[in-house]
Amino acid sequence: MNMASTAQATIWQSIISPGLYKRNQGRLVRYLTAAAMILAVLLGSWTFSVRIFDDLVAQLATAFPAISNFSNAIRIAVPTVMAVLGSWCAWRLVHYPVFADFLIEVESEMSRVTWPERPELMKATGVVLFVTISLSLVLFGFDLFWQWVLGLIGVLQIYS
């Protein structure tokens, strides 16, 4: 067995296994990461159901009339199974040893960060907002200038 297939087997064993790796370390970061991944899976399943799968089931029901009796069950079952399996994989992924160790280290580093006091934070926020607004106004000016120049030479016809 080569190294890639061994690593792949380890990932699948971790996803199938119900055990938790270092359950009391890095809990906050792991739970928040799992929640974000599960939210992405649920939104993806819902989007798939609404935008793609409903049309597919309707086309299958017209092509195969026998499926039309089960079309509502299929519309609900497939996205639900996708959501459940995706959520399980997301939950298990944060307990995969390599990824879990990374998240544990992230939480450890975050606890060592020196966070700014409120006055310093307000000043820094003001600087960021000022620079952002200034640059957006400069870019807006450039846009108006080039729109005017290109309109003069007839390349750009916005108001016709």
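Me: Why is Ser-68 called partly exposed?

Reply: In this predicted model, Ser-68 has a relative accessibility of 34%, and because buried means under 20% relative accessible area, exposed over 50%, and partly exposed in between (1.4 Å probe, protein chains only), Ser-68 counts as partly exposed. Ser-68 is found in the loop between helix 2 and helix 3 (71-93), where helices are DSSP runs of H or I with at least four residues, strands are runs of E with at least two, and both are numbered from the N terminus.

Me: What makes the contact of Glu-109 with Arg-112 a salt bridge?

Reply: The closest N and O atoms of Glu-109 and Arg-112 are 3.0 Å apart, and a salt bridge is a side-chain nitrogen of Lys or Arg within 4 Å of a carboxyl oxygen of Asp or Glu, so the pair qualifies. The structure holds one salt bridge, and its two residues both lie in helix 4 (residues 97-112), three residues apart, about one turn of the helix.

Me: Why does Arg-112 count as exposed, and why does Glu-109 count as partly exposed?

Reply: Arg-112 has a relative accessible area of 54%, so it is exposed, whereas Glu-109, at 40% relative accessibility, counts as partly exposed.

Me: Why are helix 2 and helix 4 called oblique to each other?

Reply: Helix 2 (residues 27-63) and helix 4 pack at an angle of about 120 degrees, with their axes 8 Å apart. Angles under 35 degrees count as roughly parallel, over 145 as roughly antiparallel, 65 to 115 as roughly perpendicular and the rest as oblique, and therefore the two helices are oblique.

Me: How do you know that Leu-152 is exposed?

Reply: Leu-152, which is found in helix 5 (residues 118-152), has 57% relative accessibility and therefore counts as exposed.

Me: How many helices and strands does the protein have?

Reply: The protein has five helices and zero strands, following the pattern α-α-α-α-α along the sequence.

Methods: Residues are numbered from 1 along each chain as its sequence is written. This is a predicted model: local features need pLDDT of at least 70, side-chain atom pairs count only at pLDDT 80 or more; totals for chains, interfaces and linings use all residues. Side-chain values use heavy atoms; hydrogens and water are left out. Axes are lines fitted to C-alpha atoms, for helices over the stretch in contact, and angles run from 0 to 180 degrees between N-to-C directions.
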